[in-house]
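This report describes the fold of one protein chain from its coordinates.

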Amino acid sequence: MRYEVEFMAPARDQLRALPKKTRRLIGRKIDRAQTDLEGDVKKLKGFKNKYRLRAGNYRVLFELEGPLIVIYDVGDRKDIYE
């Protein structure tokens with residue numbers, strides 16, 4: 001299954017604030033996750049439809065809403081879960 005991707009406004013701003021090399025890495029990881037959630041994707045414990053995608057030292061937090069991946073948070077792994 002191929003998922004569509006939607007960024008919430010805060011996540012888009014967080015992504016734009018990152019260095020270009022990091023943005024490219026995250027973009028490649030998101031593209032890969034669009035196909036059947038390939039890559040380093042894990043479901044977050046205690047939530048129904050929330051997942052995280054690992055991209056180096058950065059994490060992309062998203063929700064699955066049917067065929068849609070809604071990205072709501074992008075940040076460094078040490079700060080993202082607070």
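Predicted model: local features only at pLDDT ≥ 70, side-chain atom pairs only at ≥ 80, totals over all residues.

The strands β2 and β3 run antiparallel and are joined by 3 bridges. They form a hairpin with 6 residues between them, and Gly-46 in the turn has a positive phi of about 85°. The pair β3 and β4 is antiparallel as well, over 6 bridges. This hairpin has 2 residues between its strands, and Gly-56 in the turn has a positive phi of about 65°.

Some of the bridge partners are listed below.

| Residue | Bridge partner | Strand of the partner |
|---|---|---|
| Lys-43 | Tyr-51 | β3 |
| Lys-50 | Glu-63 | β4 |
| Arg-52 | Leu-61 | β4 |

In a regular strand, side chains alternate between the two faces of the sheet.

**The nonpolar core**

The largest nonpolar core has 19 residues. Those with the most contacts inside it are Ile-26, Leu-37, Phe-62, Ile-71 and Val-74. At least two residues of this core come from each of α1 (9-16), α2 (20-33), β3 (50-55), β4 (58-65) and β5 (68-76). The strand β4 gives the most, with 4 residues.

Which residues does Ile-71 touch, leaving aside its neighbours within four places in sequence? The contacts of Ile-71 are Val-5, Glu-6, Phe-7, Met-8, Ala-11, Ile-30, Val-60, Leu-61 and Phe-62.

The ring centres of Tyr-51 and Phe-62 are 5.6 Å apart and the ring planes are at 15°, so the pair is stacked; the cut-off for stacking is under 30 degrees. Tyr-51 belongs to strand β3 and Phe-62 to strand β4, 11 residues apart, so that the pair links distant parts of the chain. Are the two residues buried or exposed? Both Tyr-51 and Phe-62 are buried.

**Residues in loops**

The loop between α2 and β2 contains Asp-36 and Leu-37. Asp-36 has a positive phi of about 55° although it is not a glycine. Leu-37, also not a glycine, has a positive phi of about 55°. Leu-37 is among the residues with the most contacts inside the largest nonpolar core. Asp-36 has a relative accessibility of 47% and therefore counts as partly exposed, a class that runs between 20% and 50%.

Asn-49 lies in the loop between β2 and β3. Its relative accessible area is 35%, so Asn-49 is partly exposed. How far apart are the C-alpha atoms of Asn-49 and Glu-63? They are separated by 5.4 Å, while the two residues are 14 residues apart along the chain. Leaving aside neighbours within four places in sequence, Asn-49 is in contact with Phe-62, Glu-63 and Leu-64. Glu-63 is in turn the bridge partner, in β4, of Lys-50.

Why does Arg-12 count as partly exposed? The reason is its relative accessibility of 33%, which falls between the limits of 20% and 50%. Which backbone oxygen does the side chain of Arg-12 reach? The side chain of Arg-12 reaches the backbone oxygen of Phe-7, at 3.0 Å. Phe-7 is also one of the contacts of Ile-71. The C-alpha atoms of Arg-12 and Asp-73 are separated by 8.4 Å, with the two residues 61 residues apart along the chain.

Methods. Residues numbered from 1 in each chain as written. Heavy atoms only, no water. Core = buried A, V, L, I, M, F, W, Y, C linked by side-chain atoms within 4.5 Å. Buried < 20%, exposed > 50% of the residue type's maximum accessible area, 1.4 Å probe, protein only. Contact = heavy atoms within 4.5 Å. Polar contact = N/O pair within 3.5 Å; in protein donor to acceptor, adjacent residues only side chain to side chain. Pairing = 2+ DSSP bridges. Phe/Tyr/Trp six-rings, centres within 6.5 Å; stacked < 30°, edge-to-face > 60°.
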